[in-house]
Amino acid sequence: MRKKLIAGNWKSNGSLELNKALLEGIVGAKALGSVDVVVCPPFPYLQSVGNVISGSMVELGAQNCSATEEGAYTGEVSARMCADIKCSWVIVGHSERRALYAENDEIIARKVKRVVDSGLTPILCVGETLEERESGQAEEVTLKQLDAVFLSVQPHESWVVAYEPVWAIGTGKTASPDDAQSMHKALRNNIRKHFPQIADKIRILYGGSVKSSNAKELFSMPDVDGALVGGASLVSEEFVSIIEAAVE
Ligand code: PEP
């Protein structure tokens, strides 16, 4: 059985003071242990958040990393640096990175390679836009994003895929549990085609306006293994309720 995973993507939010208050509730959550929990603060806060969660069962993730190694790349943060400060996870291919910073599948595959080579685990985001869904291309687009990475970097069963329909991110609109299940199943079957030995072990998270009020129903779907949570991960009680909803 796959253990559920709840990851909080803080995006470009937080301050030393706010982070501390937010983390107090999360590190005390009773469901830790039954559910894997990851928090992904902005780069400048990784180390201080790492210090606060140290000794708890909450793990640390970065929201991005460079496609390059260290060197003359002003402003870049390498995966190895994230590993150095005790990150375990890196979100790669978030739709905001794809849309706002022109990250294409080739760049995303290079980033995943850096993440893996640095001993970290990727949370690979895939998902279609509203236009793509309305024109019947949702599955084709999403599977293509998955293949672009899985067929260029040897995947491992510890990897995590996050299905995040772009139209559901930060909009308050959530995919119905049936629509989420249908895409998660398609993703898992696609993994099975090329990597049958890991298909049933890889966790596939749903992301897109997950809140305490819709989490339980989404998590009851057989191929939904948890959530990547944006807005609701910034409110301690909300995030803890989502974690609790994932307890089997
Ligand atoms: C996200 O940014 O990954 C996300 C799912 O955001 P939200 O939960 O706010 O829709």
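Residues are numbered from 1 along each chain as its sequence is written, and side-chain values use heavy atoms, with hydrogens and water left out. As the model is predicted, local features need pLDDT of at least 70 and side-chain atom pairs count only at pLDDT 80 or more, while totals for chains, interfaces and linings use all residues.

Strands (E, at least two residues) and helices (H or I, at least four residues) are DSSP runs numbered from the N terminus, and two strands pair if DSSP finds at least two bridges between them. Val 38 has Glu 59 of S3 as its bridge partner. Together with helix H2 (residues 46-53), S2 and S3 form a right-handed β-α-β unit; right-handed means that, with the strands pointing away from the viewer, the path from the first strand over the helix to the second runs clockwise. Four of the five residues of S3 are buried, so this strand is largely enclosed by the rest of the structure. Buried here means under 20% relative accessible area, with exposed over 50% and partly exposed in between (1.4 Å probe, protein chains only).

Strand S3 (residues 58-62) also pairs with S4, in the parallel sense and over two bridges. Here Gly 61 is the bridge partner of Trp 89, and Ala 62 that of Val 90. Between S3 and S4 the chain passes through helix H3 (residues 79-84) in a right-handed β-α-β crossover. In a regular strand the side chains alternate between the two faces of the sheet. In S4 (residues 89-92), Trp 89 and Ile 91 point one way, Val 90 and Val 92 point the other way, and all are buried. S4 pairs in turn with strand S5 (residues 121-126), in the parallel sense over four bridges, and Val 90 stands opposite Pro 122 of S5.

Lastly, Asp 223 sits in the loop between helix H9 (212-219) and strand S8 (226-229). Asp 223 counts as buried because its relative accessibility is 11%. Its side chain makes a polar contact with the side chain of Arg 188 (2.6 Å); such a contact is a pair of N or O atoms within 3.5 Å, and within protein one must be able to donate a hydrogen and the other to accept it, with residues adjacent in sequence counting only if both atoms are side-chain atoms.
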